[in-house]
Amino acid sequence: MVVAVDRGRWGCVLDDDPDRRIVAMRARELGRTPIVVGDQVDVVGDLTGKPDTLARIVRVNERRTVLRRTADDTDPFERIVVGNAEQLFIVVALADPPPRTGFVERAMVAAYVGGLRPVLCLTKRDLAAESEFAAVFADLDLTIVHAGIDDPLEPALDLLTDRLTAFIGHSGVGKSTLVNRLVPDAYRAVGEVSGVGKGKHTSTQSVALPLPGGGWVVDTPGVRSFGLAHITPDDVIAAFSDLAEAIENCPRGCTHLGPPADPECALDELPGTEQRVAAIRRLLVALNSNESW
Ligand SMILES: Nc1nc2c(ncn2[C@@H]2O[C@H](COP(=O)(O)OP(=O)(O)O)[C@@H](O)[C@H]2O)c(=O)[nH]1
Ligand SMILES: [Mg+2]
Ligand SMILES: [Zn+2]
């Protein structure tokens, strides 16, 4: 599995000896094939992991899930953030910075469409009550966990153990603080704004960190914007098995928002799903909001 990426070199761990880390290059025949953290790859060459050895990645196995983004909502080039993550921890502070439903909704869209299970991970409950914030998502399949500095880690660990989980969140929400509690030798810088224009030691690459009890968390410090240009309303609906079939009866070009934009949307004909459909339509509104994170 690829656990780190740095300027044309990939850090990998081996299935049969997860404690041995090797550094690999991309075999010439792979061209510019993207290789990202979480990818399962085949490696050849020197696999000893000794200093100054370099293995070669000769194949990238098909990804089970793919978390993708574009730079903004108009960027035609999509990039893969993490491969094969089972979950997306959407880290949100209840205050400082204040939570935004649009951020969570856009993250959920990226998760559902990529095949990841979204989890809303709330911090800073010591600063503000949960109030209505999480209630907005009640009709969606969204697991909620508290993992701020005053919360026990067990509920988060129950979800994380033995899985590969990607973490995203705005700067300042407490992501590094949480990662350091979960992975005590991770030494993620706390109180640091990630991204462009910072010192060269500021990591902007994703990195997978091993949980002491099994499983991996992928910190994504460079992901400050999360454009969704590559996602259509049909992609979002397709991620919900109870609604996917219904939209085959929609008129062509239906955006599934319902009246007045889509008076004949088939989602309005499904008995007993009004609230769920309304919740999923809020995701479609967030998809179209053109909002950068
Ligand atoms: N009050 C409070 N502060 C927190 C909590 N979690 C993190 N912080 C603080 O929030 C600031 C930003 O934390 P950091 O982990 O660097 O956030 P990141 O930018 O998301 O990685 C730091 O001063 C942390 O000590 C929390 O649950 N409650
Ligand atoms: Mg941080
Ligand atoms: Zn429709």
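In which loop is the place of proline 97? Proline 97 sits in the loop between β8 (87-93) and α1, where helices (H or I, at least four residues) and strands (E, at least two) are DSSP runs numbered from the N terminus. This is a predicted model, in which local features need pLDDT of at least 70 and side-chain atom pairs count only at pLDDT 80 or more, while totals for chains, interfaces and linings use all residues. Residues are numbered from 1 along each chain as its sequence is written, chains are lettered from A and ligands numbered from 1 in the order in which they are written, and side-chain values use heavy atoms, with hydrogens and water left out.

**Backbone features**

- Most residues other than glycine have a negative phi, and most peptide bonds are trans.
- Aspartate 96 and proline 97 are joined by a cis peptide bond with omega about 0 degrees.
- Another cis peptide bond, with omega about 5 degrees, joins proline 259 and proline 260, and proline 260 belongs to the loop between α5 and α6.
- Aspartate 52, in the loop between β4 (41-45) and β5 (55-60), is not a glycine and yet has a positive phi of about 70 degrees.
- Aspartate 52 counts as exposed because its relative accessibility is 84%, given that buried means under 20% relative accessible area, exposed over 50% and partly exposed in between (1.4 Å probe, protein chains only).
- Lysine 124, in the loop between β9 (117-123) and β10 (143-146), also has a positive phi, near 60 degrees, but it counts as buried, at 18% relative accessibility.

**Surroundings of ligand 1**

- Around ligand 1 there are 15 residues, of which Asp126, Gly172, Lys175, Thr177 and Gly191 come nearest; a residue is near a molecule if one of its heavy atoms lies within 4 Å of it.
- Oxygen atoms of ligand 1 lie 3.1 Å from a polar side-chain atom of lysine 124, 2.8 Å from a polar backbone atom of lysine 175 and 2.6 Å from a polar side-chain atom of threonine 177.
- The protein buries 78% of the 590 Å² that ligand 1 exposes when taken alone, with areas from the Shrake-Rupley method and a 1.4 Å probe.

**Helix α6**

Conventions
Polar contact = N/O pair within 3.5 Å; in protein donor to acceptor, adjacent residues only side chain to side chain.
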